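Biologist: I'm new to this one, so please start with the overall plan and then zoom in on a single part.

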Amino acid sequence: LQNQFALFECKGIISASILNIDLKQKDSKQINVQDLLLFNELYQELKKRIDESTRLHVEFWKELRSETQTYSRIRGMASDIFRSRRRIVFINNAIEQISANNIKVLKLYGDYMEGVIQNQFHAKMLFNRATTATNMSMVSRYLFLDESYKYGPNSDSALALISGNFDNMGTVLEFNEHLTTH
């Protein structure tokens, strides 16, 4: 019973902090296209770095299991893994500055923490945040049908930045992930 109460209390604290972050981010109802494009760029970089880190971990464990392992190679691989992990943390922190409760990022980073880093506690926290953000997003869509839910980082809208300058009128400058997947 005490564990259930503690879990209930933790869920309440997490929900309140997510609401506070969302309210701070929703101070202006305007959509910042530059932030959306920066978010997309960082998200693509995060996916790339997670793939690289996963590959490094697999190579590291293969080397440990081989019969002809060398200390210098293992040490070099461990150093590469450490640098890769630091980059991933840095990119994830940069993404959280733009959108702290992006569901795709929370799930991606949670999968990385659970499957590669083997940090079940941190992964569970990320998955809980993703679930809470999903629930809050569904509730908010019914209560506030504003532009941020159509075009924000948790939406599935395609977005393109097209030049309006005279010298390169109509040139596509940037686009988000949804234009490349559809």
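Read along the sequence, what pattern does the protein chain follow? After that, please give me a close look at helix 3.

Modeller: This is a predicted model, where local features need pLDDT of at least 70 and side-chain atom pairs count only at pLDDT 80 or more, while totals for chains, interfaces and linings use all residues. Residues are numbered from 1 along each chain as its sequence is written, and side-chain values use heavy atoms, with hydrogens and water left out.

The pattern is α-α-α-α-α-α-β-β-α, from seven helices and two strands.

Now for helix 3. Its 28 residues reach 41 Å from the first C-alpha to the last, close to the 40 Å expected at 1.5 Å a residue (the expected span is 1.5 Å times one less than the number of residues). Its buried residues are I74, M77, I81, S84, I88, I91, N92, I95 and I98. Buried means under 20% relative accessible area with a 1.4 Å probe, protein chains only. In general, an α-helix has 3.6 residues a turn, so residues three or four places apart point the same way.

Take S84, which lies in helix 3. S84 counts as buried because its relative accessible area is 0%. Beyond its neighbours within four places in sequence, S84 is in contact (heavy atoms within 4.5 Å) with R49, S53 and L56.

L56 turns up again in a five-residue nonpolar core, whose members include F60, I74 and M77. Such a core is a set of buried Ala, Val, Leu, Ile, Met, Phe, Trp, Tyr and Cys residues joined through side-chain atoms within 4.5 Å. That one lies apart from the largest core, which has 19 residues, with L46, I95, Y112 and M113 touching the most other members.

A cavity is a set of points on a 1 Å grid over the protein atoms alone where a 1.4 Å probe fits but cannot get out; lining residues have an atom within 4 Å of a point. Helix 3 and helix 4 each give two or more residues to that lining, and the space inside is about 40 Å³.

Key
Buried < 20%, exposed > 50% of the residue type's maximum accessible area, 1.4 Å probe, protein only. Helix = DSSP H or I, 4+ residues; strand = E, 2+ residues; numbered from the N terminus. 1 Å grid on protein atoms, 1.4 Å probe; cavity = no way out; pocket = protein on both sides within 12 Å on 5 of 7 lines; lining within 4 Å. Points joined across faces, edges and corners; volume = space filled by probe spheres on them.
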